[in-house]
Amino acid sequence: MAASLVSSLTVPLISAFLGGAIALVFLAGYLRRKRAAIAHIPPSATAAAPDQPKHVRPSNQTQHKKGHPRPHQNTADKDAAKKHHHLDLNTLRGHTDSVTALHFSNDGANLATVCADGAVRVFRIDDTSSKSFKYDIVFYRRIFFLSLQVFSVTNLWACGDACRILRINLPAGAHPTAVAFSEGSSSVVVAAQVLLGSSLYMYADVSAPPTAQNKQQGNLSPPEIKWAHQKIHGKESVLNLAAARATHGPGDGSTIIISCSEATDIKVWHGKSGKELGTVDTNQLKNNMADISPNGRFIAAAAFTADVKVWEIVYSKDSSVKEVNKVMQLKGHKSAVTCLCFAPNSEQIITASKDGSIRVWNINVRYHLDEDPKTLRVLPIPLHDSKGSVCQYDHMSISPDGKVLAVTSGSTLQWLCVETGAVLDTAEKAHEGDITGIAWTPRTIPNGGVQAFILGTAGVDKKVKLWLAPEVGST
């Protein structure tokens, strides 16, 4: 009986001993792994916050319970960390979809943008380097409420001395594709695609800040639509708008706007009255874009073929537009011209083609005596893809002093010397996706208290960026 008792006790004891040994082995392995993980933590992770309480976990392990806000990180600091180019000054946020176009007012103090979310935004820029500009735009985006009205507008948010932001909702179902200021900085003209075709709207008083009394009483009314046109190019959408003041000859300084359709027609409009002043047809299968000279005299179109057609807007003695006539054709490229722009003096045109070249043309010729425009310079496109093939330029714009040519290809932004074609600087992946538009400030504006020419770019990444013009002497 004693033997059987010992036998019955031995089996549980042996089992308990083996179980304890196995548990000790697992515990030892766990402790070794824990010591190894601690030993491999980079010194910077602990040095960054030596006074951090022990119960606070590292940021990459922090778990936020539902209902508890995440720790706030300054937006300006985030943007500074993301900057990848020394000419990148600022990022304007608040757009909720792809930004389709942008345009600066004549004084450079207002920037209008249109977005695929169906809204027009007007930013008041007093200094491009202000950090509060970034923060307040993000704040504005969060607190903006959508109105159920057909036309609606947010408050004009006061952001200290840095910026003010105005948002206008277009009619329901309208998708804006282009924008241009009219009559200085007080009005904007917007092209939008609707179900029946392309439309044009002119909003007035977009730069007038609200009074303190209106703010308190909540009597902020949306900018008024002064004029509108439907189906301006049939069912075709507007590729771009371009605006200039009529200062040539008997021109009275009024804003002249052109709308370029994706078909072959281009229309001329009076910015203030909305009157249609003329229509031209490129007869080149399809347009790529069009531009108007700074003095409001010439129109040039980049289209499907290699030739660039130029028209002249003829003004009567009473400053009204008499007619629009084709006066010259730029011949020399071997393939389609993708983009072009006029020089600030309105006497030269710069073109970029799929043939891999940039040409600078002199159009200050006696065309009425059949004198042809002259090619001043032929420059190779200096941008190549990963396979070594020449890239195609999508957009171009020349600085107001005529020294720097800004060009884009996909998400790449490049600055060229107009005189030599030398690359002044390049920003690869300037946006997280294709660049949809570029525009220079017509004059210098403050950047950290220093006057400078600023380039604005828009992209499919819902951002608008501001860039400092490079020094022409640095190549």
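Predicted model: local features only at pLDDT ≥ 70, side-chain atom pairs only at ≥ 80, totals over all residues.

User: Ok, how many helices and strands?
Analyst: The protein has five helices and 33 strands. Those are DSSP runs numbered from the N terminus, helices being H or I with at least four residues and strands E with at least two.

User: And how much of the protein is buried?
Analyst: Buried residues make up 48% of the 475 residues. Buried means under 20% relative accessible area, exposed means over 50%, and partly exposed is in between, using a 1.4 Å probe and protein chains only.

User: What share of the contacts join residues at least 24 apart?
Analyst: Among contacts between residues at least 6 apart in sequence, 51% do. Contact here means heavy atoms within 4.5 Å.

User: Which residues touch the most other members of the largest nonpolar core?
Analyst: Ile-350, Tyr-393 and Leu-405, out of 34 residues in that core. A nonpolar core is a set of buried Ala, Val, Leu, Ile, Met, Phe, Trp, Tyr and Cys residues joined through side-chain atoms within 4.5 Å.

User: Which element gives the most to this core?
Analyst: Strand 21, with five residues. Elements giving two or more residues include strand 18 (298-303), strand 20 (321-330), strand 21 (337-342) and strand 22 (348-353).

User: What is Cys-341 in contact with?
Analyst: Leaving aside neighbours within four places in sequence, Cys-341 contacts Asp-291, Gln-348, Ile-349, Ile-350, Met-396, Ser-397, Ile-398 and Leu-405. Cys-341 and Asp-291 are 50 residues apart in sequence and 6.2 Å apart in space, C-alpha to C-alpha.

User: New topic: how many cavities of 30 Å³ or more does the search find?
Analyst: Two, over the whole structure. On a 1 Å grid over the protein atoms alone, a cavity is a set of points where a 1.4 Å probe fits but cannot get out, and lining residues have an atom within 4 Å of a point.

User: Which residues line the second largest one?
Analyst: Ile-350, Ile-358, Val-360, Leu-379, Leu-405, Leu-416, Cys-417, Val-418 and Gly-421 line the second largest cavity. That cavity holds about 50 Å³ of space, volume being the space filled by probe spheres set on the points, with grid points joined across faces, edges and corners.

User: Which strands supply at least two residues of that lining?
Analyst: Strand 23 (357-362) and strand 27 (412-417).

User: Let's switch to Glu-312. Where is it, and is it buried or exposed?
Analyst: Glu-312 is in strand 19 (residues 308-315). Glu-312 counts as buried because its relative accessibility is 11%.

User: Which side chains make polar contacts with Glu-312?
Analyst: The side chain of Glu-312 makes one with the side chain of Arg-297 at 3.0 Å, and a polar contact of 2.3 Å joins the side chains of Glu-312 and Tyr-367. A polar contact is a pair of N or O atoms within 3.5 Å; within protein, one must be able to donate a hydrogen and the other to accept it, and residues adjacent in sequence count only if both atoms are side-chain atoms.

User: Last one: where is Asn-283, and what is its phi?
Analyst: Asn-283 is in the loop between strand 16 (276-281) and strand 17 (287-292). Phi of Asn-283 is near 55°, a positive value in a residue other than glycine. Asn-283 is exposed, with a relative accessible area of 59%.

How values were computed
Residues numbered from 1 in each chain as written. Heavy atoms only, no water. 1 Å grid on protein atoms, 1.4 Å probe; cavity = no way out; pocket = protein on both sides within 12 Å on 5 of 7 lines; lining within 4 Å.
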